[in-house]
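Please have a look at it before I go on.

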Amino acid sequence: MTLDLIAFDGDDTLWHNERSYREGRERFRRLLAGVGVVLSAEEIEARVNQTELANIQVYGYGVSSFVLSLIETAISLTDGRVTGSDLRSIVELAKQMLTEEIELFPAVREVLTTLTASYPLMLITKGDLLHQTSKLDRSGLRDCFRFVEVVSHKTPEVYSAILSRHGIDPNRFLMIGNALRSDVLPVVDAGGWAVHIPAALTWSHEHADVPPHAHGRYFEVAALDRLPDVIEALART
């Protein structure tokens, strides 16, 4: 089988991302403790996730959505006692997250450079347009991608629309990412192939059970440097 397009997720597939959110939640936990609301890291994650998931349809994904949800959670947990100074600290957290240095996973540049010699590559990343394009530019990887798609959600319909727009047969499309919910299962449902590369840190919302029909349409590898082996195996089918 010949692949006509290979696409990659960005966050926690090519570069580290979730650890910034973990650090942000910990800073938020300490801020709340300073105003008398003492919760464990697990309790903070549960409360923030509850607010963030409720807000996704309004704010979408990304740092801006995360920080607005932190502010809402702070107001709720403190019964409105959170101060302007506390809110300023949360805003400063957002600015730091939006401008922090991009750290690539091992072998990313080497693998992408190798693949560009044989395949057109696309980045399909989810979140705020300005932030995602900024991260791509700061990663030094923009020259590896012929196409870039920044989307608000990753659903079978979104993937189908992207493939239709680029004239790609889903059966000749491969998506690589760390999130079963966003990068693997919707691609399989759209008729494509996928490779799952689990990350050490992945947002709990992105975990998902794999339905029986998805088996045989996706592969799992421990690290990106194993990807060429999967592509070679697909080419022989």
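How much area is buried between domain 1 and domain 2, and what percentage of it do carbon and sulfur atoms give? Before I answer, please keep in mind that this is a predicted model, in which local features need pLDDT of at least 70 and side-chain atom pairs count only at pLDDT 80 or more, while totals for chains, interfaces and linings use all residues. Residues are numbered from 1 along each chain as its sequence is written, and side-chain values use heavy atoms, with hydrogens and water left out.

The area buried between the two domains is about 1,400 Å², and carbon and sulfur atoms give 53% of that; buried area here is the accessible area, with a 1.4 Å probe, that two parts lose on being put together, summed over both. The domains themselves, whose bounds come from an automatic or database domain assignment, are domain 1 (5-16 + 103-236) and domain 2 (18-99). Their centres, taken over C-alpha atoms, are 29 Å apart, and the contact, meaning heavy atoms within 4.5 Å, takes 15 residues from domain 1 and 15 residues from domain 2.

Between domain 1 and domain 2 the count is one salt bridge, a term that stands for a side-chain nitrogen of Lys or Arg within 4 Å of a carboxyl oxygen of Asp or Glu. Arg19 forms a salt bridge with Glu103, where the closest N and O atoms are 2.3 Å apart.

Let me turn to the rings. A search of the whole structure finds three aromatic pairs, where rings of Phe, Tyr and Trp (its six-membered ring) pair if their centres lie within 6.5 Å, and planes under 30 degrees apart count as stacked, over 60 as edge-to-face and the rest as tilted. One of them is Phe8 with Phe145, edge-to-face at 6.4 Å centre to centre and 70° between the planes. Both Phe8 and Phe145 are buried, that is, under 20% relative accessible area, as against over 50% for exposed and partly exposed in between (1.4 Å probe, protein chains only). For Tyr21 and Phe66, the ring centres are 4.9 Å apart and the planes stand at 70°, so this pair is also edge-to-face, and both Tyr21 and Phe66 are buried.

Finally, the charges over rings, for which NZ of Lys or CZ of Arg must be within 6 Å of the ring centre and within 35 degrees of the ring normal. The charged end of Lys126 sits over the ring of Tyr61, 3.9 Å from its centre, and Arg217 lies over the face of Trp193, at 3.9 Å from the ring centre.
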